[in-house]
Amino acid sequence: VEGLRTRERLDAVVTFSSTMAQFVTGAQWAGTTRVADFIDVDSEKWRQYAASGKPPASWVYGREGRTLLAFERRIALAFTRTLFVSEAEADLFVRRAPETRERVGWLSNGVDTDFFDPTADLDDPYPAGGPVAVFTGAMDYRPNVEAVSWFSDEIFPRVLQRRPDARFYVVGSKPTRVVRQLAERTGIVVTGRVPDVRAYLKFAAVAVAPLRIARGIQNKVLEALAMARPVVCTSSAAEGIDPRGSVIAGVEDDPLRFADATVRAMDSAPRADARQLVLQRFSWDSHLRALDALIDADPPCVSS
């Protein structure tokens, strides 16, 4: 990055996440328009880890949350603009760092709706059997591990009581030992990495997102909606997308109600209204035009 800066005249720099923002700090960058896209308030995620964990890990998580927030605040004051993935996430950061209010905004995630298209010609990956509830995501990521564990412990047994033929597929790369062990239970399948997640969404009866540690907008929910799937998720996973459940089949934080919503969704039709929501509100074209306008309109930042 520094070599590029010395060779070229850079009018603007966009960094993705606080991890990358460190490479465009310092006096040499003063006068260059810099936009940091943090996506989520990552420091808040570590604070949640601390609140839900036990010592000594919770002490480490708590310290990480405090030190990362201090770094996020420094970047937000130095850069021209700092963006988050939703208005709610931006508001949270401003509450944590009120001095950054005038420099903080939000730019939503998007979905490639040409790729995530329910009419795509895909083969059914599921063996013959009962309805499938599917969870997709990187399965070495702690919030995802916690989500599928909670679903398997507290929700899926209740689903099986009413639908004994139901199956729960955990689809995603690098499943941890905890996740792999879930496959020893009745009706649960852990796939590991798959060549194309769309098929697992298209042929599932319902997509579930039982995330309790979550930040920002969940692409797994957007992708399932784009594939016209009924989705049942927690309020954390619905944030910034459809918090009142107007097109999401169920927004529930109670295990029993989550199970009830999952069973109902298994018998529901594809959700054309869900895909329409994504087409209208989560198009990459409209979001990236907003980013272009932001870069062109903002004056250069003078601090370092």
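In these legends, Ala, Val, Leu, Ile, Met, Phe, Trp, Tyr, Cys and Pro count as nonpolar, Asp, Glu, Lys and Arg as charged, and the others, Gly among them, as polar. The model is predicted: local features need pLDDT of at least 70 and side-chain atom pairs pLDDT 80 or more, while totals for chains, interfaces and linings use all residues. Residues are numbered from 1 along each chain as its sequence is written, and side-chain values use heavy atoms, leaving out hydrogens and water.

**View 1. The largest pocket has a volume of about 450 Å³.** A pocket here is an open set of points on a 1 Å grid over the protein atoms alone, where a 1.4 Å probe fits, with protein on both sides within 12 Å along at least five of seven lines; lining residues have an atom within 4 Å of a point. Grid points are joined across faces, edges and corners, and the volume is the space filled by probe spheres set on the points. Of its 23 lining residues, Asp40, Tyr141, Ile217, Gln218 and Asn219 are the closest to the centre. By class, the lining has 10 nonpolar, seven polar and six charged residues. Helix α9 gives the largest share, three residues. (Helices are DSSP runs of H or I with at least four residues, strands runs of E with at least two, numbered from the N terminus.)

**View 2. Four strands form an open sheet in the order β1-β2-β3-β4, with parallel pairing.** Two strands pair if DSSP finds at least two bridges between them. Strands β1 (12-16) and β4 (104-106) stand at the edges with a single partner each, so one side of each has no neighbour in the sheet. Look between β2 (residues 33-39) and β3 (residues 81-84) for four bridges; aspartate 37 stands opposite leucine 83 in β3.

**View 3. Helix α4 (residues 57-78) lies across β2 and β3.** Its direction is at about 145° to β2. Angles run from 0 to 180 degrees between N-to-C directions, with axes fitted to C-alpha atoms, for helices over the stretch in contact; contact means heavy atoms within 4.5 Å.

**View 4. Glutamate 99 and arginine 73 meet in a salt bridge (2.8 Å, N to O).** Glutamate 99 lies in the loop between α5 and β4 and arginine 73 in helix α4, so the pair ties together parts that are 26 residues apart in sequence. A salt bridge is a side-chain nitrogen of Lys or Arg within 4 Å of a carboxyl oxygen of Asp or Glu, and by this rule the count comes to 14.
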